[in-house]
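Walk through this structure with the display in view. The account starts with a pair of helices and then widens to the chain.

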Amino acid sequence: MPICVRVTAGLDTHLEPGTNRENMADRRSKRRDANGSMFRWRGLSRDLFVDRSRLLRDEVRIYGWSREERIRALIAGADPDAPTLF
């Protein structure tokens, strides 16, 4: 899974404190235990996966979710700064 970029402060967070065992049980109950095989970035090397996750996380940390085109590009694995043909 990519690094979580939707961390919020206060009571409205989706993150819950818990032990590793509780976390793994929650992961299984939400069907997120496929070790990334069902995720859109499957087949990438671990290093590339981490790099893409961090780019997405940093974009959201700095600018929030307001730059949708850049976020879509980062999720798709495209360079958001690359010039377009048209």
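α2 and α3 run roughly antiparallel to each other. That follows because angles over 145 degrees count as roughly antiparallel, and the two helices pack at about 170°. Their axes lie 9 Å apart. The model is a predicted one.

Which residues make the contact between α2 and α3? From α2 come Arg52, Leu55, Leu56, Glu59 and Val60. From α3 come Arg70, Ile71, Leu74, Ile75 and Ala76. As for handedness, α2 passes α3 in a left-handed crossing.

After α2 comes Gly64. The phi of Gly64 is positive, near 70°.

Which residues of α2 are buried? They are Phe49, Val50, Arg52, Ser53, Leu56, Arg57, Glu59 and Val60. The list holds arginines, Arg52 and Arg57, along with Glu59. What covers these buried residues includes α3, residues 68-76. Arg52, Leu56, Glu59 and Val60 belong to the buried set, and they also take part in the contact with α3.

Next, look across from the other side. Ile71 lies in α3. Is Ile71 buried or exposed? Its relative accessibility is 6%, so Ile71 counts as buried. Leave aside its neighbours within four places in sequence. Ile71 is then in contact with Leu56, Glu59, Val60, Gly64 and Trp65. Ile71 and Leu56 are 15 residues apart in sequence. In space they are 6.7 Å apart, C-alpha to C-alpha.

Ala73 is also placed in α3. With a relative accessible area of 17%, Ala73 is buried, because the cut-off is under 20%. What does Ala73 touch, not counting residues up to four places away in sequence? The answer is Ala78 and Pro80. Ala73 and Leu56 are 17 residues apart in sequence and 9.4 Å apart in space, C-alpha to C-alpha.

Finally, step back to the chain. Along the sequence, the pattern reads α-α-α. The chain has three helices and zero strands. Of its 86 residues, 17% count as buried. The chain exposes about 7,300 Å². Carbon and sulfur atoms supply 52% of that area. How much of the contact total comes from residues 24 or more positions apart? Such residues account for 41% of the contacts in the chain with a separation of 6 or more.

Key:
Residues numbered from 1 in each chain as written. Predicted model: local features only at pLDDT ≥ 70, side-chain atom pairs only at ≥ 80, totals over all residues. Heavy atoms only, no water. Buried < 20%, exposed > 50% of the residue type's maximum accessible area, 1.4 Å probe, protein only. Helix = DSSP H or I, 4+ residues; strand = E, 2+ residues; numbered from the N terminus. Contact = heavy atoms within 4.5 Å. Areas by Shrake-Rupley, 256 points an atom, 1.4 Å probe, with all protein chains shown as cover. Axes fitted to C-alpha atoms, helices over the stretch in contact; angles between N-to-C directions. Parallel < 35°, antiparallel > 145°, perpendicular 65-115°, else oblique. Left-handed = near helix turned anticlockwise from the far one by under 90°.
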